[in-house]
Amino acid sequence: MILAIANQKGGVGKTTTAINLGAALALRGHRTLLIDLDPQANSTMSYVDPAAVTRSLFDALTDPTCSISDIVIPTTVERLSITPSRIGLAKLEGKLVGEMDAHFRLKDKLAPVTKNHDIIVIDCPPALGLLTVNALVAATHLLIPIQSSYFALEGTDDLLETVEKVRSRSEEHTS
């Protein structure tokens, strides 16, 4: 299972949900990989000293010679690993502009590591850009943390519209 935790609104608990769900799944015996897809790198900082991160998800998504396996770091929680992020990930959209496979980078890079993990949890950034679309394309499941307010519900429509576009495109490719 690949679970994306997404909402274009910030401050709704995406990262808190991702780091706690990842730890809980690992403690329940599941080999869990937490993908920090947010350039703010808060999931990374929760488990790893940022100064110790030499290669990040940016490298894995832009360098053909760097795989996800190359950047996975074990955490202090048994059976929980993380792919770290750095602020440089914010430059990904500009770097991949015009690339034919831009929306499929994460899915393609995750394919070889899925056999080593029971569950992959993706912490998405608070935006509906290329990073979040990559997570939606790669994910088999989606969790949307939401606040109980009118404006939070209104903003969810955009995310669900994007999810439907991703689903219809993937159905076209499997038919």
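This is a predicted model: local features need pLDDT of at least 70, side-chain atom pairs count only at pLDDT 80 or more; totals for chains, interfaces and linings use all residues.
Strand E1 (residues 2-5) runs parallel to E5, and 4 bridges join the two. Within this pair, Ile5 stands opposite Asp123 of E5.

Strand E2 (residues 32-36) has parallel partners in E4 and E5. To strand E4 (residues 80-83) it is joined by 4 bridges, and the two run parallel. To strand E5 (residues 119-123) it is joined by 5 bridges, again in parallel. Leu33 stands opposite Ser81 in E4. Ile35 stands opposite Ile122 in E5. In a regular strand, side chains alternate between the two faces of the sheet. In E2, Thr32, Leu34 and Asp36 point one way, while Leu33 and Ile35 point the other way. Both sets are buried. Because 5 of the 5 residues of E2 are buried, the strand is largely enclosed by the rest of the structure.

Leu33 illustrates this burial. The residue lies in strand E2 and has 0% relative accessibility, so it counts as buried. Beyond residues up to four places away in sequence, Leu33 touches Ile68, Val72, Ser81, Ile82, Thr83, Val113, His117, Ile119, Ile120 and Val121. By contrast, the C-alpha atoms of Leu33 and Lys165 are separated by 26 Å. Those two residues are 132 residues apart along the chain.

The largest nonpolar core contains 28 residues. Leu37, Leu57, Leu89, Leu110 and Ile122 touch the most other members. Two or more residues come from each of E1, E2, helix H3 (57-62), helix H4 (68-71), helix H5 (92-96), helix H6 (105-110), E5 and helix H7 (130-138). Leu110 is in contact with Ile2, Ile35, Ile68, Ile120, Ile122 and Ala138, leaving aside neighbours within four places in sequence. Another core lies apart from the largest one and has 16 residues. Among them are Ile5, Ala26, Val48 and Ile82.

The disulfide count is 0. Cys66 is in no disulfide, and the nearest cysteine sulfur, that of Cys124, is 20 Å away. The cut-off for a disulfide is 2.5 Å between sulfur atoms, so the sulfur of Cys124, at 20 Å from that of Cys66, is too far for a bond. Both cysteines are buried: Cys66 has a relative accessible area of 1%, and Cys124 has 0%.

Most residues other than glycine have a negative phi. Two residues of this model depart from that pattern. Ala41 has a positive phi, near 60 degrees. The residue sits in the loop between E2 and helix H2 (42-47) and is buried, at 8% relative accessibility. Arg79 also has a positive phi, near 70 degrees. Its place is in the loop between E3 and E4, and with a relative accessible area of 34% it is partly exposed.

The whole structure holds 5 salt bridges. Arg55 pairs with Asp70, with the closest N and O atoms 3.9 Å apart. Arg55 lies in the loop between H2 and H3 and Asp70 in helix H4, so this pair ties together parts that are 15 residues apart in sequence. Both partners are partly exposed, Arg55 at 36% relative accessibility and Asp70 at 42%. Arg79 forms a salt bridge with Glu78, where the closest N and O atoms are 3.2 Å apart. Glu78 is exposed, at 56% relative accessibility. Arg105 and Asp101 meet in a further salt bridge, at 3.0 Å from N to O. Arg105 is buried, with a relative accessible area of 14%, whereas Asp101 is partly exposed, with 29%. Shared partners join Glu99, Asp101 and Arg105 into one salt-bridge network.

Note on methods:
Residues are numbered from 1 along each chain as its sequence is written. Side-chain values use heavy atoms; hydrogens and water are left out. Buried means under 20% relative accessible area, exposed over 50%, partly exposed in between (1.4 Å probe, protein chains only). Two strands pair if DSSP finds at least two bridges between them. Contact means heavy atoms within 4.5 Å. A nonpolar core is a set of buried Ala, Val, Leu, Ile, Met, Phe, Trp, Tyr and Cys residues joined through side-chain atoms within 4.5 Å. A salt bridge is a side-chain nitrogen of Lys or Arg within 4 Å of a carboxyl oxygen of Asp or Glu.
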